[in-house]
Amino acid sequence: MAQSYSNQHPVNEILTQFASEASSQLDSQLIHQDLFETVNVPKNMRSGTILIENNNQYMGTSLDLKRGAGASRVRQSSFDFESMTYRTQMRGLESSIALEDLDDNQYPIDLLQREIRKITRSLMIDREKEASTTLFSASNWTNYENTLSTFNASVNTDANGAKWDTAGAEPLTDLLALSDTIRKNAYGMGADMQTLVMGYDCFLALQRNAELRGYFGTPAEGIASGNRILPQAEVINIIKSIFGFKDIKVGKARNNTANPLQAQTTGDIWNTDRLWLGVLKSPDGAVVGNSGSVQTSPASVLTLEIEGIKSGEYKSPDMVRQNVWVENEYVNKVIKPSFGYLLREVVN
């Protein structure tokens, strides 16, 4: 009798633990791991419904609340949950090594663990790419995306609008206008609840920008005068101290873009000339409800994940190679586009 796929390729708890640890010990290039509000759902909820709390429920009322003696209290109407459906997606890959190489290993490292580490990082790079697509794809933010110059001209004239790597640019002025636009769209959720995600060239422009240098020492002290570049940590500290953003992330990661057997070429995962600002962490979090649906307070994006990373091993049918695999099942779902804003063409 033919064996099932799960019997032939069983989950190995030890390798799963190793893959999980490898994914949590990522280098600082990858920023996806703590970006989005995440809820773990059981396997029987690979598809389902997300119920999103309606902020109008808690925004007060225009009714006159005063009442006379013996008069009835005014009645406030309620707003239903917003809802949308989701479907998680399975992502995985595998690698193999000759059994003879395992037997003859002369390296000071377990070769199977080395393969697990390789494919786990590839899986995490794929997740980074998915996070970049979620935040930096204009199609996800219809009515809430623009070029920097158009944002200034058509959405909020308080912005400066000049590209950040040009003379006269005022990125702090642009960020202030953008943050205030989001506050108005997101029922008063201000900068302290907003996360800024920047492409790498946007961040480099901030390091060279005269407006930011004005917040860091004085030319008399020899600090950041002329065209001197600000330290990366100081740029982030300056922006946080001015705006109080919940978090600031810079997309630095690159990945191999060549086809198999071609010479390796790498490219930036995050569009270098774009930035996104908005609410990524919901005020009350997300939970799996008693009805089998996922209930969440509003945020721009919700990640639904099943069981975390899984890993296993199996021998090839001809018994000459040992195969290892990793898999992760999740989906990033844009649930409140109005709680974020994507700016394109921020730099040249």
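## Salt bridges, cores and a buried serine

E82 and K336 make a salt bridge, with their closest N and O atoms 3.1 Å apart; the term covers a side-chain nitrogen of Lys or Arg within 4 Å of a carboxyl oxygen of Asp or Glu. This is a predicted model, where local features need pLDDT of at least 70 and side-chain atom pairs count only at pLDDT 80 or more, while totals for chains, interfaces and linings use all residues. Residues are numbered from 1 along each chain as its sequence is written, and side-chain values use heavy atoms, leaving out hydrogens and water.

**Salt bridges**
- The E82–K336 pair ties together distant parts of the chain, 254 residues apart: E82 sits in strand β3 (residues 82-87), K336 in the loop between β14 (321-334) and β15. Helices (H or I, at least four residues) and strands (E, at least two) are DSSP runs, numbered from the N terminus.
- E82 is partly exposed at 28% relative accessibility, whereas K336 is buried at 7% (buried is under 20% relative accessible area, exposed over 50%, partly exposed in between, with a 1.4 Å probe and protein chains only).
- R183 and D180 pair up within helix α6, three residues apart, or about one turn, at 2.9 Å from N to O.
- K249 bridges to D247 at 3.6 Å, and shared partners bring D34, D247 and K249 into one network.
- The count comes to 14 salt bridges.

**Nonpolar cores**
- The largest core has 35 residues, and W164, L196, M198 and I239 have the most contacts inside it. A nonpolar core here is a set of buried Ala, Val, Leu, Ile, Met, Phe, Trp, Tyr and Cys residues joined through side-chain atoms within 4.5 Å.
- Helix α6 gives this core its largest share, five residues.
- Another core, of 29 residues, lies apart from it and includes L35, L112, V197 and W276.

**Around S297**
- S297 falls in the loop between β12 (294-296) and β13 (301-315) and is buried, at 7% relative accessible area.
- Its side chain reaches the backbone nitrogen of D284 at 2.9 Å.
- Beyond its neighbours within four places in sequence, S297 is in contact (heavy atoms within 4.5 Å) with E53, S282, P283, D284 and G285.

**Strand β1**
- β1 runs parallel to β13, joined by four bridges (strands pair if DSSP finds at least two bridges between them), and E37 stands opposite L302.

Definitions and conventions: A polar contact is a pair of N or O atoms within 3.5 Å; within protein, one must be able to donate a hydrogen and the other to accept it, and residues adjacent in sequence count only if both atoms are side-chain atoms.
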